[in-house]
Structures are given as C-alpha cells and as structure tokens.
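Dear colleague,

Here is the structure you will be working with. My notes on what was found follow below it.

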Amino acid sequence: MDITYNIQNFKQNLPDTCVLVAVSKTQPVEVILQAYESGQKDFGENKVQELLSKAEALPADIRWHMIGHLQTNKVKYIVPFVHLIHSVDSLKLLNEINKQGKKLGRIISCLLQVHIAREESKFGFLEEDLWHHVNGNEFKKLTHIKIEGLMGMATFTQNTELVRAEFKTLKGLFDKLKSESGDLRDMKILSMGMSDDYAIALEEGSTMIRVGSALFGKRIVHG
Ligand SMILES: *Cc1c(COP(=O)(O)O)cnc(C)c1O
C-alpha cells in the first residue's frame, strides 16, 4: 500500500464539499504519520483507549474523530481534545458529553448517529425518537454541544440498491430536520460512506466519508 499515493488520489477525486476522514483504527502511529505528512489532517478512531494513546503520540494539529460506539464513562477522556464525535446514539450520551463539555468550558461538536441499516447490530437513534427529542425541546438544554449533523452506516451487503436506499433515507431525514426543526437548522455535516460504499454515499449527498481499508489496506484485526 502506497499511503501517500492513496491519500492524494482520494483527495483529488473528492468534491470540495466532502471531507475525507481517514479511519486509522488498528494502524500503527508510523502509518498515520505517513498519511499526515501527505496532507491528511482528519483521522477517525473507534476505541477510546486507542484514540488517547495515538493522540498523545502524534502531532497536535490532527483533528480526531470518534466514530465508534462511545460509553458514557469514557466521555471525559476525549472531550478535552476531540474534534467531532460521530457516534452519538442516545440522549444519555448527549447529556454526559454536555456535562463534561461544561466542566471544561468547551463546546463539543457532535453528530447524531441514525439507525438506517437493516442489521440489528448497528447503533443509532431511530428516526421517530429523533423527532420526539426535537419536539420535546431536549436538544435546547445542551448548552455545551453543537449538533453539526447526522451520521449513518448502511447495511453491509453487496446489494447496492439497498445501500443507496438507506443513504437516501438518511439524506431525506437530514433535509427534513434542517427545514422543520429550529434546533437542528444549522446542521452541515452528513457523515456517510465507507470504503465499500462511499461512491454511492457521495451520489446521495454525503459531506463526510469515513474511509479505512481503501486507504490503508485491509485490517488484520477486524475492529
Ligand atoms: C471501521 C469504520 C469505518 C471504515 O471502514 P472501512 O470499510 O475500512 O473503510 C467507517 N466508519 C466506522 C464507524 C467504522 O467503524
């Protein structure tokens, strides 16, 4: 794998409206550094411990994205420096992030993860629960959170029409929440698309793709 080539090639072909998050989970710091030196500044990790040790070892201007399921008791460790949390999937987690942000006087940027896949294993808010929270003004109390947008993961399948339909659903929800709910009017980020489905995600309006194996090669350890 020629990381420098992959990063540059990817960026060249990406529309200006879309940000590439390089998913560096399981990759050693030397590999991340190589990507960084090729101009990549946004990196995504899915485990808090791994994120912490990498952030400590790598340049301070890296923008770290938390993309994996986050437990409330670990929020405090990442809140001081995290750039964007993609995987916010409950009100309980939002409240904890808000609490920790308040302690530090830092506004934490978050995406609401929405459950769009057929698979049961994927985390995320259900659409009706999001509307419930919006209508109940739950998001208004979050003084130290900025909800920047939505994140979703499509079903892991070869069925590209299913994947496309799931992304379309998420984009539709994104537009509807922006136009119909005051609290979420300013959302700008739609995080959808991974190595196998980012091309479809881009066609369906993604503004942020999370790509791991297409940049770094297949992970030995699945994470
Ligand atoms: C691992 C992971 C990715 C990247 O997956 P690839 O198929 O390697 O591109 C994207 N998003 C999340 C939430 C992940 O856990």
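**Notes on the model**

I147 lies in strand β6; helices (H or I, at least four residues) and strands (E, at least two) are DSSP runs, numbered from the N terminus. This is a predicted model, in which local features need pLDDT of at least 70 and side-chain atom pairs count only at pLDDT 80 or more, while totals for chains, interfaces and linings use all residues. Residues are numbered from 1 along each chain as its sequence is written, and side-chain values use heavy atoms, with hydrogens and water left out.

I147 is buried, with a relative accessible area of 12%. Buried means under 20% relative accessible area, exposed over 50%, and partly exposed in between (1.4 Å probe, protein chains only). Leaving aside residues up to four places away in sequence, I147 touches C110, L112, F139, L184 and M187, where contact means heavy atoms within 4.5 Å. G124 is 23 residues from I147 along the chain, and their C-alpha atoms are separated by 15 Å.

E45 is in strand β2 and is also buried, with a relative accessible area of 0%. A polar atom of the E45 side chain lies 3.5 Å from the backbone nitrogen of K25. That is a polar contact (a pair of N or O atoms within 3.5 Å; within protein, one must be able to donate a hydrogen and the other to accept it, and residues adjacent in sequence count only if both atoms are side-chain atoms). Not counting residues up to four places away in sequence, the residues that E45 touches include K25, E50, L51, K54 and I67.

**Helix α3**

E50, L51 and K54 are among the buried residues of helix α3 (residues 48-57), together with V48 and A55. Seen down the axis of α3, these buried residues fall within an arc of 160 degrees, so they line one face of the helix. The arc is that of the directions from the helix axis to the C-beta atoms. An α-helix has 3.6 residues a turn, so residues three or four places apart point the same way. What do the buried residues of α3 pack against? They pack against α2, β2 (42-45), β3 (63-66) and α4 (75-78). The face turned away from the buried side carries the exposed residues Q49, E56 and A57.

**The ligand**

The residues around the ligand are V23, K25, I67, M153, M194, S195, R210, V211, G212, S213 and R219; a residue is counted here if one of its heavy atoms lies within 4 Å of the ligand. This shell divides into five nonpolar, three polar and three charged residues. For that count, Ala, Val, Leu, Ile, Met, Phe, Trp, Tyr, Cys and Pro are nonpolar, Asp, Glu, Lys and Arg are charged, and the others, Gly among them, are polar.

- R210: an N or O atom of its side chain is 2.9 Å from a nitrogen atom of the ligand.
- S213: a backbone N or O atom lies 2.8 Å from an oxygen atom of the ligand.
- R219: a polar side-chain atom lies 2.8 Å from an oxygen atom of the ligand.

On its own the ligand has 390 Å² of accessible area, and the protein covers 90% of it (Shrake-Rupley method, 1.4 Å probe; for residues, only the protein chains shown count as cover).

**Positive phi**

T26 is not a glycine, yet has a positive phi of about 70 degrees. T26 sits in the loop between β1 (19-23) and α2 (29-37) and is partly exposed, at 35% relative accessibility. N137, also not a glycine, has a positive phi of about 60 degrees. N137 is in the loop between α6 (127-135) and β6 (145-152).

Regards
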